Amino acid sequence: MPRFPYETVDVFTDRPFGGNPLAVVTDARGLSDAQMQALAAEMNYSETTFVLPADDPVNDARVRIFHRTAEMPFAGHPNVGTAYVLARHGRDRGGVLRFEQKAGLVEIAVERDAVGAVTGAAIAAPQALSLGMELPIAEIAACVGLSSDDIATAAHKPVNASVGVKFVLTQVEPEALARATPDLAAFRKLVRLHGELAGRLSLFLYARDGNTIRARMFAPLAGTWEDPATGSASATLGALLLLLDGGDKAAFTITQGVEMGRPSLLKVTSWRAEDGYHSRVGGSCIPMFRGEALL
């Protein structure tokens, strides 16, 4: 019976049972697309990654990312967690890993402590910020059980944005963040009314105090009722805020997962380049389980 080794890690935390859990299948050769999707659903984490040999030997791996129901072109915490696992196996080159993904090439800087032990990683999102459609305030509020008055619009309206994967970024009043509760019927109605969403709605709510941010992310249509740490959304938000605030570079600290009992800390750096606004997101990881999938 073929055996496929995997490891799990908690990402964007420095203690067990915090952050966002991730399963990493460290050698996915021989697995079909259908088997990868089935394993991701079986793991029942926000995402599961599958490590394959790189197409170009200058890179370190081809990494495929699946959530419970579909494959993703890019995601934050899966890249940070996968880099952490592979670096602990000695697979980085001088503290750097390069992953081939559907959204493009992702470069990861491995983080180590004073004695050289791997502690985490930081990734550069593969694309510059792109902005899509704005979403109606009342409909977005309904998706999370809030009123239109709870949505803060002075800086921007709810907007579909991406640095590799799309999120609807929505600022809310600070006291409203803890009250947000996803309404599955409202999510379904919104994607039905707006074909541009292509059936996908990942809603990233945030409240801001300068460059210190509290956030929550809901994607129930993809099987994630709430996500404890969303690196790709955090990177997207950092790029958007730099665009809105002006300047060439900014750093943000984002706390997520508090309401779930899985507090997460994400550190985002965003900068302006000739081709637009880019972001890097990083944090610590903790190893949890090792095992084998028997197929």
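A: Helix H2 gives the most to the lining of the largest cavity, contributing three residues. In this predicted model, the elements that supply two or more residues to that lining are helix H2 (76-88), strand E13 (212-219), strand E14 (224-227) and helix H5 (231-245). The lining comprises 21 residues, and those that lie nearest the centre of the cavity are Glu47, Met72, Phe167, Met217 and Asp227. Sorted by class, the lining holds eight nonpolar, ten polar and three charged residues. The volume of this cavity is about 150 Å³, and the count of cavities of 30 Å³ or more comes to one.

Where the domains meet, 20 residues of domain 1 are in contact with 18 residues of domain 2. The size of an interface is often given as the accessible area lost when the parts come together; between domain 1 and domain 2 the buried area is about 1,300 Å², with carbon and sulfur atoms giving 51% of it. One salt bridge is counted between domain 1 and domain 2. Asp10 and Arg262 form a salt bridge in which the closest N and O atoms are 3.2 Å apart.

Note on methods
Residues numbered from 1 in each chain as written. Predicted model: local features only at pLDDT ≥ 70, side-chain atom pairs only at ≥ 80, totals over all residues. Heavy atoms only, no water. 1 Å grid on protein atoms, 1.4 Å probe; cavity = no way out; pocket = protein on both sides within 12 Å on 5 of 7 lines; lining within 4 Å. Points joined across faces, edges and corners; volume = space filled by probe spheres on them. Helix = DSSP H or I, 4+ residues; strand = E, 2+ residues; numbered from the N terminus. Nonpolar A, V, L, I, M, F, W, Y, C, P; charged D, E, K, R; others polar. Contact = heavy atoms within 4.5 Å. Buried area = accessible area lost by both parts, 1.4 Å probe. Salt bridge = Lys/Arg side-chain N within 4 Å of Asp/Glu carboxyl O.
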